[in-house]
Amino acid sequence: MDKKITDFFDLLNRRTIEAIESSDIKESCTATLLLLCAAVDSLSKLTCDDNQYAAFLNHRGNKVRFQHFLQDVMGGDYGRLKDQLYDLRNDIVHTGINTQVVLSKHQNDQHLEEVDGYLWVNTGRFVDDLKQIIQRIKEDIEANGPYHQNATKRLAELSIIEVNQDAMPSPGPDDSLFQ
């Protein structure tokens, strides 16, 4: 696999799946869902067609890409509930508050089921489903499938910047911005 593609998947995994599974993030359904939506947003750039990608580049295609990913890549109940899941994504990303949705992290709870007018989303099961999808996308790319060309073309401009030191603290209210 091309280094840029490998770097993309390594970073995506570290910042989403590993971050959820190896930290207290998994205890917060909202934080988990936020990272899952970010992962879907990132992956949908590799799986959408050229027209959907062009719309994204013109700041008009996130909904189309996100829903396409749920419908055609994840499939099943994700596709059936793509409108509600996109609304949930927007609620979580833009306000941090979910409405008309019950979030759960317990494996035995419902997932992608409507109960008493509320959609149940199990974030633990969503993580597991997304991990399987990521593996399928990677296998497609390695086999030079349809996503290979998209990944090669769309990640060519990717610049991943990692800092191997402590981040600089933000200046306080009395500190000069220029030091």
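This is a predicted model: local features need pLDDT of at least 70, side-chain atom pairs count only at pLDDT 80 or more; totals for chains, interfaces and linings use all residues.

Q: How many helices and strands are in the protein chain?
A: The chain has eight helices and three strands.

Q: What pattern do they follow along the sequence?
A: The order reads α-α-α-α-α-α-β-β-β-α-α.

Q: What share of the 179 residues is buried?
A: Buried residues make up 39% of the 179.

Q: And how much of the contact set comes from residues 24 or more positions apart?
A: Among contacts with a separation of 6 or more, such residues account for 55%.

Q: Packing next. How do the axes of H1 and H7 cross?
A: They cross at roughly 170 degrees and come within 12 Å. The cut-off for roughly antiparallel is over 145 degrees, so H1 and H7 are roughly antiparallel to each other.

Q: Which residues make that contact?
A: From H1, the contact uses Ile5, Phe9, Leu12, Ile17, Ile20 and Glu21. H7 supplies Val127, Leu130, Lys131, Ile134, Ile137, Lys138 and Ile141.

Q: What about the classes in the contact of H1 with H7?
A: Ten residues are nonpolar, three are charged and none is polar.

Q: At what angle do H7 and H8 pack?
A: Helix H7 (residues 123-142) meets helix H8 (residues 146-154) at about 90 degrees, with the axes 7 Å apart. Angles of 65 to 115 degrees count as roughly perpendicular, so that is what H7 and H8 are to each other.

Q: Who touches whom there?
A: Ile137, Asp140 and Ile141 of H7 contact Pro146, Tyr147, His148 and Ala151 of H8. By class, that contact has five nonpolar, one polar and one charged residues. Ile137 and Ile141 are also in the H7 side of the H1 contact.

Q: Switching to H4. Which of its residues are buried?
A: The buried set is Asn62, Arg65, Phe66, Gln67, His68, Phe69, Leu70, Val73 and Met74.

Q: What do the buried residues of H4 pack against?
A: They pack against H2, H3 (50-57), H5 (76-80), H6, H7 and H8.

Q: What follows H4?
A: Gly75 comes after H4, and its phi is positive, near 70 degrees.

Q: Now the holes. How many cavities of 30 Å³ or more?
A: The count is one.

Q: Which residues line the largest cavity?
A: The lining is Leu33, Cys37, Phe66, Leu70, Leu85, Leu88 and Phe126. Helices H2 (29-47), H4 (62-74) and H6 (82-94) each give two or more residues to it. Phe66 and Leu70 also belong to the buried residues of H4.

Q: How does the lining of the largest cavity divide by class?
A: Seven nonpolar, no polar and no charged.

Q: How much space lies in the largest pocket?
A: About 310 Å³. Of its 15 lining residues, Phe8, Ser42, Lys45, Leu155 and Leu158 are the closest to the centre.

Q: Which elements give two or more residues to that pocket lining?
A: H1 (3-21) and H2 do. H1 gives the most, with five residues.

Terms used:
Residues are numbered from 1 along each chain as its sequence is written. Side-chain values use heavy atoms; hydrogens and water are left out. On a 1 Å grid over the protein atoms alone, a cavity is a set of points where a 1.4 Å probe fits but cannot get out, and a pocket is an open set with protein on both sides within 12 Å along at least five of seven lines; lining residues have an atom within 4 Å of a point. Grid points are joined across faces, edges and corners, and a volume is the space filled by probe spheres set on the points. Helices (H or I, at least four residues) and strands (E, at least two) are DSSP runs, numbered from the N terminus. Ala, Val, Leu, Ile, Met, Phe, Trp, Tyr, Cys and Pro count as nonpolar, Asp, Glu, Lys and Arg as charged, and the others, Gly among them, as polar. Axes are lines fitted to C-alpha atoms, for helices over the stretch in contact, and angles run from 0 to 180 degrees between N-to-C directions. Angles under 35 degrees count as roughly parallel, over 145 as roughly antiparallel, 65 to 115 as roughly perpendicular and the rest as oblique. Contact means heavy atoms within 4.5 Å. Buried means under 20% relative accessible area, exposed over 50%, partly exposed in between (1.4 Å probe, protein chains only).
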